[in-house]
Amino acid sequence: MINHISELYGRQLSSLELPSELANLPQLNQRDAIDLKPKLRCARCGAKLNRKQAALPNGQFYCYVCIQMKRMDTLHQLVFIEEPNRFPKKLDALSWDGQLTGLQEVCADMVVDVFKNRKRHLLWAVTGAGKTEMLFKGINWGIAHGKRIAIASPRIDVCIELFPRIQAAFQKTPVILLHGKSEQPYKYSQIVICTTHQLLRFYHAFDILIIDEVDVFPFSGNPMLHFGVNNAIKPNGAMLYLTATPDQHLLSQVRRKRLSISYLPIRYHGHLLPEPTIIKIKNLSHQITLKSLNKRILKMIAQLISQKQRFLLFVPHIKDLAAVKSAIQQAHIQANFDTVYSADPDRIEKVAAMRNRRLDFIITTTILERGVTFPGTDVLVLKADDAIFSAAALVQIAGRVGRSSERPDGRVLFYCESHCATVRSCQRQIRQMNQRAWRL
Amino acid sequence: MKECLLCQVPMRAEVSFDDIILFTRVEPMLICQDCQSAFEKLTGQATCRQCGRRLTVVMENPCYDCQRWQHQISFNFRNVGLYEYNAAMKDYMKRYKFLGDYRLRWLFAKQLGQFALKTKRLLVPIPVTADTMAVRGFNQVTGLLERCHYIEVLRAAQLTKNRRQSEKNRVDRLRLSQPFELVKEKAHLIAGKKVALIDDVYTTGTTIRCAATLLYQAGAASVIGITLAR
């Protein structure tokens with residue numbers, strides 16, 4: 001329910017959520033929540049609807065695609081208010097006193113330029129390049145000019161990790177974190193950090209929209225979320241995409257000059273990306289299903305634990321988590337560890353436990369492949385040749401290592417049954433980026 | 001490739017060899033095996049002869065709650081539940097009723113319809129208030145009875161519900177005053193007939209007993225209840 005009119009600025013909601021005292025405001029705009037012609041189509045998520053499936057009794061329709069975020073139907077209107085940008089123009093909102101390197105500085109200036117000239121831009125920076133810090137200058141410029149800013153990511157973990165960093169850097173500016181599992185009530189604030197799904201609730205709200213990790217599921221190849229992004233941004237807003245592994249769709253937009261691009265091939269501490277070591281093990285997937293692991297893997301795990309070296313252990317499927325866990329327990333390895341997967345009810349707590357060094361290692365699926373930093377960890381990937389791990393995913397996984405300046409290198413071990421295209425492509429991409437970094 | 005309506009996992013329809021040579025009609029799958037197995041059927045189980053709940057070893061038949069009802073109400077009421085009201089069913093109800101995903105009626109419409117028709121009784125659905133109808137756009141019970149003939153002889157007495165049934169505790173719910181009234185023009189249709197009341201969930205049994213009282217007043221010969229969940 002809406003409590004104050006400011007909660008409607010730049011947002012689009014079902015008229016059902018509107019209390020009766022706000023229903024007759026002069027600023028309030030309305031449009032149909034479901035377009036009936038020419039084709040049945042949801043006005044919020046843009047999905048084309050099947051008449052039979054979307055039908056309610058009495059000739060009404062509803063959208064079954066975005067129903068998880070309150071239902072859109074022909075019984076109610078979609079209400080919205082134009083974004084008024086009611087923010088004080090603060091000149092030095094930035095309370096971050098870190099230093100950017102020369103290369104980061106160039107990119108940060110580029111970001112300011114993108115925001116000023118309202119461009120669409122792709123910033124291709126390697127994992128651990130300090131992307132968040134490079135945004136600060138641009139966000140600072142936005143705040144000084146009273147712009148509304150959103151940082152969205154398809155991954156909830158990325159948003160949760162971004163929020164405290166942005167809040168710390170802009171202490172005097174209201175920042176809000178929105179995702180499906182948060183219980184924080186919505187409040188009108190200048191900086192919004194949210195999952196890309198939450199953007200569906202906004203309409204022409206943001207002057208500046210930053211999308212972190214654009215190439216990742218569920219954003220890439222999801223027309224609903226692309227529609228939501230285009231609705232959430234103002235018609236002449238600036239759009240900045242961030243990623244370490246752009247997909248073909250983005251690169252083709254660059255080639256067609258619809259998107260400008262800049263590269264940052266080196267990490268903020270100036271060290272090269274750690275290259276993966278490939279270890280071939282026969283019958284690895286069979287061993288996982290039998291809940292027993294090869295001696296070499298167990299020995300490596302035991303060695304890392306005795307050295308007090310923390311690490312992430314990636315497995316391809318959720319069902320492998322329990323198998324690998326019991327295999328490690330059977331091998332009498334004494335350690336604090338846990339498993340985590342996307343639908344895990346304690347997912348957020350477990351990731352926090354790993355970050356707070358309460359766990360020695362964590363067994364995970366691809367959900368922790370990107371956007372999360374655990375300082376000084378190593379990475380082990382079981383069945384790196386599995387179809388689940390795309391080349392981009394492997395690059396990202398390798399990118400979890402050596403992110404802090406205290407320990408700029410580390411082990412990246414890919415255990416596979418055979419050499420396959422994705423693993424080779426990952427190796428090639430990392431080598432290319434390192435070569436590009438050498439030339440600088 | 002279709003997706004499971006509940007968990008969105010892609011599904012592949014599996015047609016067995018028997019189906020092919022016997023020309024069995026293959027129904028399209030709506031939900032995946034995992035989601036399907038989370039619902040627990042009550043048919044064929046030992047259940048309370050009055051409210052239809054699953055009986056455990058220590059429970060008497062009729063169960064304790066129904067023994068209390070016998071002191072409060074003049075007629076004996078029998079209810080049959082098709083499924084146990086477990087976590088999966090609660091989640092289903094949440095999505096079907098409160099989120100309003102009307103497609104989900106297909107999950108149980110056929111089964112509930114077949115079961116109701118087998119009783120050879122007149123079917124009377126429990127109504128929703130006008131307010132719920134305006135917000136939700138459908139009556140969850142008539143949605144489940146899509147393929148059957150039913151008579152809407154009851155209607156909600158009030159325009160709005162003060163609180164949702166599911167928000168009240170047991171004591172509040174048992175104290176409920178008559179929430180329904182008869183539709184005068186249709187009341188003659190059930191006089192002297194055997195009637196089955198249809199509802200989505202039986203929790204304390206107050207709602208359905210209130211409705212049954214009214215139907216007996218209208219002259220129904222006998223009234224039983226059929227609910228999707230118990």
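The following legends describe views of a predicted model.

**View 1. Overall fold of chain B.** Chain B comprises 9 helices and 8 strands. Its radius of gyration is 19 Å, close to the 17 Å given by the globule rule for 230 residues, so chain B is as compact as a globular protein of that length. Along the principal axes, the C-alpha atoms of chain B occupy a box of roughly 55 × 45 × 35 Å. Of the contacts in chain B with a separation of 6 or more, 74% are between residues 24 or more positions apart.

**View 2. Surface and charge of chain B.** Buried residues account for 47% of the 230 residues. The chain exposes about 12,500 Å², of which carbon and sulfur atoms supply 52%. Chain B carries 35 positive and 21 negative side chains, with the centres of the two sets 6 Å apart.

**View 3. Cis peptide bond at A:Pro38.** A:Lys37 and A:Pro38 are joined by a cis peptide bond with omega about 0°. A:Pro38 belongs to the loop between strand 3 (34-35) and strand 4 (41-42) of chain A.

**View 4. Cis peptide bond at B:Pro62.** From B:Asn61 to B:Pro62 the peptide bond is cis, and omega is near 0°. The loop that holds B:Pro62 runs between helix 2 (33-38) and helix 3 (64-72) of chain B.

**View 5. Positive phi at A:Asn85.** Although not a glycine, A:Asn85 has a positive phi of about 50°. This residue lies in the loop between strand 5 (77-80) and helix 2 (102-116) of chain A. A:Asn85 counts as buried because its relative accessibility is 19%, under the 20% cut-off.

**View 6. Positive phi at A:Asn283.** A:Asn283, which is not a glycine, has a positive phi of about 55°. Its loop connects strand 13 (277-280) and helix 7 (284-289) of chain A.

How values were computed. Residues are numbered from 1 along each chain as its sequence is written. Chains are lettered from A and ligands numbered from 1 in the order in which they are written. This is a predicted model: local features need pLDDT of at least 70, side-chain atom pairs count only at pLDDT 80 or more; totals for chains, interfaces and linings use all residues. Side-chain values use heavy atoms; hydrogens and water are left out. Helices (H or I, at least four residues) and strands (E, at least two) are DSSP runs, numbered from the N terminus. The radius of gyration is taken over C-alpha atoms; the globule rule is 2.2 Å times the number of residues to the power 0.38. Buried means under 20% relative accessible area, exposed over 50%, partly exposed in between (1.4 Å probe, protein chains only). Contact means heavy atoms within 4.5 Å. Accessible areas come from the Shrake-Rupley method with a 1.4 Å probe; for residues, only the protein chains shown count as cover. Lys and Arg count as positive and Asp and Glu as negative; His and the chain ends are not counted. The place of a charge is taken as NZ of Lys, CZ of Arg, CG of Asp or CD of Glu.
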